[in-house]
Amino acid sequence: MANGIILIDKPQDWTSMDVCGKLRRLLKEKRVGHAGTLDPMATGVLTVFVGRATRGVEFAESGFKEYHATLRLGMETDTQDTTGTTLSTSALRPTREEIEAVLPPFRGDIMQIPPMFSALKRNGKKLYELARKGKTVEREPRPVTIFKLELGEQLSETDWRLVIRCSKGTYIRTLCHDIGQALGCGGVMASLRRVEAAGYTLSDCVTLEQVAEAAEQGTAEALLRPIDTLFSEHPALTIYGRKEQLCRNGNPFRLAGEDGLFRVYGEQGDFLMLGQRKDGEMRTIKSFF
C-alpha cells in the first residue's frame, strides 16, 4: 500500500486535481491529495500526499512558497493573467528604476483583494463561476505576507522576471495586476513557476512521465518520500514501552524536557506522530501510524 509524499513538477495546462487523478491510477491508491493549488497555466512544485500521508496536507498548506513569475506590463485582462480577455493596453514602458520604486509597499504584511477568477466562494458560488457570467461582486481584502519581492532580469520589452516568496493565500497574478496599476500602465502575469513549497524544491520533484515509467516497472512507490520529511525542522525523539502504548492509543503522557513540537518515533523506528510537549506532558498534534 502506497504511503508518503511525492513531489511533482506540475506541467502546464494541467489542473492540480488532474495530477492527483493521474497519480491515483498510477499508484493504485484512492487517497491522494495535494497541498497548495497551482492554476493550469502554472508549473513547478506540487506537493502530493498519498495514502495515510494525506493526514499531513494541512501542515504543508500553511508554509511559505516561492515563485518565479513573469510580469507583463502594458496591459490588463479580466483574469489578471495572459489567459484572459484584454481590457486595456498602454504604450508606457517603465524602466527598471521606475519598477523597483513601486515595489516596497508590496513587501511585508499587505492586504490583497482576491481576483474574481478564483475558487473563493460567495453565497455558495465560486467567484469564477460568477465571473464567467459577467458578474462582479465585492471582495473583502485579505491579509497576506510577501517575504521577498525582487525584480529579476528583463525578458523582453514588456516582460520582467519577479522572484516572490509569500504566505498561503497570495495571488501572484493579483500582485502583478496591482504592480501594473501602481506603475500606471497595467500589468498581468504571463507565466508562473513555483520553485519551493513546504520546504521542498524543484530538485526534489519528478515528472508525471517518470512516475508512469516507474509504475510500469513496478517501482513507483520508491519515488515516495516518508511523511516525516515534512516535519524535518522539528527535533526527533523516540519513546518506549508504556509511553509508546499511550501514544498509539491517542493519550497524552508525561515526558520531561523542553517545550516544543517534536517528531515522535516508536521503539522500532516507526514515525508515530507530530507531538507537542508542554510542561512535561506530550500530546498528539497529528498521528501517522
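## Close-up views of a predicted model

View 1. Arg31 sits in the loop that runs between α1 and β2 (32–35), where helices (H or I, at least four residues) and strands (E, at least two) are DSSP runs, numbered from the N terminus. This is a predicted model, in which local features need pLDDT of at least 70 and side-chain atom pairs count only at pLDDT 80 or more, whereas totals for chains, interfaces and linings use all residues. Residues are numbered from 1 along each chain as its sequence is written, and side-chain values use heavy atoms, with hydrogens and water left out. With a relative accessibility of 37%, Arg31 counts as partly exposed, given that buried means under 20% relative accessible area, exposed over 50%, and partly exposed in between (1.4 Å probe, protein chains only). Not counting residues up to four places away in sequence, Arg31 touches Met1, Asn3, Phe49, Val50, Gly51, Arg52 and Thr54, a contact being defined by heavy atoms within 4.5 Å. Between the C-alpha atoms of Arg31 and Cys20, which are eleven residues apart along the chain, the separation is 9.3 Å.

**View 2. Ala35 in strand β2.** Ala35 belongs to strand β2 and, at a relative accessible area of 3%, is buried. Once its neighbours within four places in sequence are left aside, the residues in contact with Ala35 are Leu46, Thr47, Phe49, Val57, Ala60, Glu61 and Arg194. The C-alpha atoms of Ala35 and Arg193 are separated by 16 Å, these two residues being 158 residues apart along the chain.

View 3. In helix α6 (residues 208–217), the buried residues are Leu208, Val211 and Ala214. Seen down the axis of α6, these buried residues fall within an arc of 120 degrees, so they line one face of the helix; the arc is that of the directions from the helix axis to the C-beta atoms. Exposed residues on the other side of α6 are Glu209, Glu216 and Gln217. The cover over the buried residues of α6 includes β1 (4–10) and α1 (16–27). After α6 comes Gly218, which has a positive phi, near 75 degrees.

**View 4. Packing of α1 with α6.** The axes of α1 and α6 are 10 Å apart, and the two helices pack at an angle of about 10 degrees, where axes are lines fitted to C-alpha atoms, for helices over the stretch in contact, and angles run from 0 to 180 degrees between N-to-C directions. That angle makes α1 roughly parallel to α6, under a convention in which angles under 35 degrees count as roughly parallel, over 145 as roughly antiparallel, 65 to 115 as roughly perpendicular and the rest as oblique. Val19, Lys22, Leu23 and Leu26 of α1 make the contact with Leu208, Val211, Ala212 and Ala215 of α6. Sorted by class, the contact of α1 with α6 has seven nonpolar, no polar and one charged residues; Ala, Val, Leu, Ile, Met, Phe, Trp, Tyr, Cys and Pro count as nonpolar, Asp, Glu, Lys and Arg as charged, and the others, Gly among them, as polar.

**View 5. The salt bridge of Lys286 and Glu58.** The side chains of Lys286 and Glu58 form a salt bridge, at 3.0 Å from N to O, the term denoting a side-chain nitrogen of Lys or Arg within 4 Å of a carboxyl oxygen of Asp or Glu. This pair links distant parts of the chain, with Lys286 in strand β18 (residues 281–287) and Glu58 in helix α2 (residues 57–61), 228 residues apart. Lys286 counts as buried at 19% relative accessibility, whereas Glu58, with a relative accessible area of 45%, is partly exposed.

View 6. Glu66 and Lys148 form a salt bridge in which the closest N and O atoms are 3.4 Å apart. The two residues, 82 residues apart, link distant parts of the chain, Glu66 in strand β4 (residues 65–73) and Lys148 in strand β10 (residues 142–154). Glu66 is buried at 8% relative accessibility, while Lys148 is partly exposed at 25%. A network of salt bridges links Glu66, Lys148, Arg165 and Glu196.
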